[in-house]
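Please keep the sequence and the model at hand while reading.

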Amino acid sequence: MSALMRSTDWSKTKLGPVENWPRSLKTMLGVVLGSRFPMLLWWGPELLHLYNDAYRPILRDKHPASLAAPAAQVWSEVWDVAGPMARSVQEGGPATWTEDLQLFISSGGMAEETYFTFSYSPVPGDDGAIGGLLNTVQETTAKVQSERQIRMLHDLSARAAEGKTEEEAYRVAAETLSANELDLPFVLFYLLDEKGEDAQLVAVSGWKDYQGPAKPVHLPIAQHMTAVSWPLAEVVRTPRELVVEDLAARFGPLPAGRWNARPNQAIVLPLSRAGRSTPYALLVAGVSPHRALDNRYLRFFRATAAQVMSAIATARAYEAETNRAEALAEIDRAKTTFFSNVSHEFRTPLTLLLGPLEMLLAEATLGGETRERLGQMQRNALRLLRLVNALLDFSRMEAGRHSARFVPTDLARYTADLASAFHSAFNKAGLSFAVDCRSLAAPIYVDRDMWEKIVMNLLSNALKFTFEGGVSVRLAPAEGGALLIVKDTGIGIPRGEQSKLFHRFHRVEGARSRSYEGTGIGLALVHELVALHGGTIRVASDEGKGTEFAVMLRAGRDHLPPEHVAEASDASTVPRSAAAYLDEALQWLPYESRAVASPPAKLSARVLVADDNSDLRTFLSSLLTPHYEVQAVVDGRQALAAVQARKPDLVLSDVMMPNLDGLGLVRALRENPETRTLPVILLSARAGQEASLEGLAAGADDYLAKPFTSQELLARVRTHLTMARARDELVTKLTQANEDLRAFNSSVSHDLRAPLRALDGFAGILEEDHAAELNDEARRKIRIIRDSVQRMADIVDALLALSRIGYQVVKKERFDTGALVARICTELTTSDTGADADISIGSLPQTLADQTLLRQVWVNLISNALKYSSTRVRPRVQISGFDKGEESVFCIKDNGVGFDMSNIDRLFGVFQRLHRSEEFSGTGIGLAIVKRIVEKHLGRVWAESTLNEGAAFFFSLPRQNESER
């Protein structure tokens, strides 16, 4: 600006020649030009423009015509705002200060939205009067617009939770965006159908009353759209944002905005799910007619689209979770209804089971074994009846048809009587058991059958999950009623599981317990029964330390439904179903592993039975004892210890057991070489193909769903024992055959190599010591003999190496594949074959394998790549590898002669050569060795090639041991 002012002929301006300027003007102008802050000096009555370099960008395209021009002329579009402020200072008023003032200034043919913080200060002339004004100014357009946009994006994020469905999320987004008309004159959201063939308008911002061609309700997504439509197809296809120009020509007049300007540009942005390129919706946003579409503005549009996508994702996740919860609730209701219907049908046959059983057990003449078996039947029938009754209770409560009868009860005495039934069980378990039930001031109204179920379920639960310490039951007066606390020192409950503890059918997976049996409805039933009493139940637990259940019942009867309250009680306070709970609990208690009486010697085979259900364990043992020697244990951990102590001939195991389940037992047995082939039959109450496949996939030999017949079980045990004996005999024969093969290899190694060495030695003597006596033809024939001997030796060595692989033990270790391959390449490139080869080694994953055997694989494949190189180009070998799923895959690629893929089936066979021996020497065994070694590691090998364009050989190896998998 200093240079421009020096070159200006001021005599042609209203300021006149510089030599006539007042000293105060010259002084002040020097200050302005020397400042790096934007400054404008208005001088004289007309406020003529004089400014510095920092002020020039504020003028946009008004410079240089604005120099020495009157202020009212330069800023005519905003003088209605700025003029009165300037005149007030010019007329002697105080200096002004204005912050972030919005002004629409003319720039590039549009009224540009701008913001300024500035002050007007008087500048005295030489005569002491006000000669001009100093305008110090800072443009804050970017700051104000950015703050506004950040607020909008924040609001969009904050309101994301309001959209409970995808449709609502679009509506909330449109409402939020409509508050920022300055940046978004209009917004249209188009949702694509599942096929991506049609777009439907689902939300609008800014154009509520407009119904013209720019706002179609439906748009077909076609490759060739008419000019009078949004180019959605192109954005779906690319998928990238697209700026649409000249909206007036495309759609005709559009609604004017707040300052009577119409948008003439728009941007279409794709909305896509994370990880997917194809959009599910499109956002069409108008570009403000008061802003240039620069990078800062584009970043805002992209941020808006990203925030909308986040809001849609949140709504979809909420909707999916709601649907899932509703589906689970519906499944839960369906389960309850189904079990209720089934339970009704069970009660009649159960009655016909329990009645005759009770009559038979009353007979005094029964033998001990018969009485024991009848007792097993009665215990399990009673257990089934209790489960049936629990399910019926659920269905009645859910339907509001429960038959509760709340009567005043001495709750302390009744609870103590109920708890006392469990003394023997806790004593047998080696746990302390304390009961402290203090007298209450007044009876508590309870349904006695329901209260019995509450107490029995809580005590059964405590016994099931407590292995050390003890359990205490405490009933005491509490404010407004009575408080029952059942506390144990058991395994505790993980914090993440506590909120789901009272959900029906919920079980804590992997929790240690005395038995894996259970339906997952006990605590859910307790929760429902307590709620029927108008009470509350809470749980407090520390994992590994114990659990406390607290049941609060209110005093009086006002909180209970009057129709279910009875003042006089004809109900007995004697516990009704405590015996059934106790009998089941006693089945969980410690069981000594024991061998059952052995069968006759000619039938002898050892069977190990593992089941946590005492009655089933006893039944299986009694069923197998007449035929086999039987040992019975209570869970998978004991079974594993029993196998290690003395290996049985067959394992018969339940799937669902505490400590170590049946699937875990099978995996442990299969990981041990000593028990890898031990026959295992799994028993489970889970029927169906999926459950069977899960057991077989774990390594079991057979899977038998309960209930099963005795004859079926005996037949399967007999079959697998017979198969195991046959397998053992075959293994013995194979072992002997391997030993014979090893001895044969040793013999062949000596017997074949000795004459070969002799042939080569004598031929060498003739060639070297009698060279003078030999003519050229004789020397040529001797050389043929020596080459043939060497070839025969190579074939013998290769055959011996191939046969040794069959019986060689694989000793797996993890090693650095890259280091091994680098050493092999160094060795091979020092030979004549690989001297001029270009070998590149990429990043190779670690290998879990026998390093000695894998070295042979790499040597054979890399040597192969070098040997079959083309004479036309320099040999190039590329070695690469990567992890894919549970495998590591390696590739050796060359630019050699390749092979015809029609011969791929012969490629890895013994003595299979795809090229003439005159062209390429070799034994025809190298690739067969590669295949044998890789398959011995449970891997795969394959190849791809185009004749005369090179070949690529691949092999894969498992990344983990079987035990790690």
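1. Basis. This is a predicted model, in which local features need pLDDT of at least 70 and side-chain atom pairs count only at pLDDT 80 or more, while totals for chains, interfaces and linings use all residues. Residues are numbered from 1 along each chain as its sequence is written, and side-chain values use heavy atoms, with hydrogens and water left out.

2. The sheet. Six strands make up an open antiparallel sheet in the order β8-β7-β6-β11-β10-β9; strands (E, at least two residues) and helices (H or I, at least four) are DSSP runs numbered from the N terminus, and two strands pair if DSSP finds at least two bridges between them. At the edges lie β8 (218-220) and β9 (242-244), each pairing on one side only. On average, neighbouring strands are turned by 25° against each other, direction ignored. Three bridges connect β9 with β10 (residues 265-271), and Val-243 stands opposite Ile-267 in β10.

3. A helix across the sheet. Helix α6 (residues 166-178) lies across β6 (187-192), β7 (198-205), β10 and β11 (281-287) and runs at about 45° to β7. Axes are lines fitted to C-alpha atoms, for helices over the stretch in contact, with angles from 0 to 180 degrees between N-to-C directions.

4. Helices α24 and α25. The axes of α24 (residues 851-867) and α25 (residues 926-936) come within 9 Å and cross at roughly 145°. In their contact (heavy atoms within 4.5 Å), the residues of α24 include Leu-853 and Val-857, and those of α25 include Leu-927 and Ile-933. The contact residues comprise nine nonpolar, four polar and no charged; Ala, Val, Leu, Ile, Met, Phe, Trp, Tyr, Cys and Pro count as nonpolar, Asp, Glu, Lys and Arg as charged, and the others, Gly among them, as polar.

5. Helices α23 and α24. The axes of α23 (residues 817-829) and α24 come within 10 Å and cross at roughly 45°. Among the residues that meet are Leu-820 and Arg-823 in α23, and Trp-858 and Ile-862 in α24. This contact divides into nine nonpolar, three polar and three charged residues.

6. Single residues. Is Lys-62 buried or exposed? Lys-62 is buried, with a relative accessible area of 15%; buried means under 20%, exposed over 50% and partly exposed in between (1.4 Å probe, protein chains only). Lys-62 sits in the loop between β2 (48-51) and α3 (71-74). Just after α15 (residues 522-532), Gly-534 takes a positive phi of about 75°.
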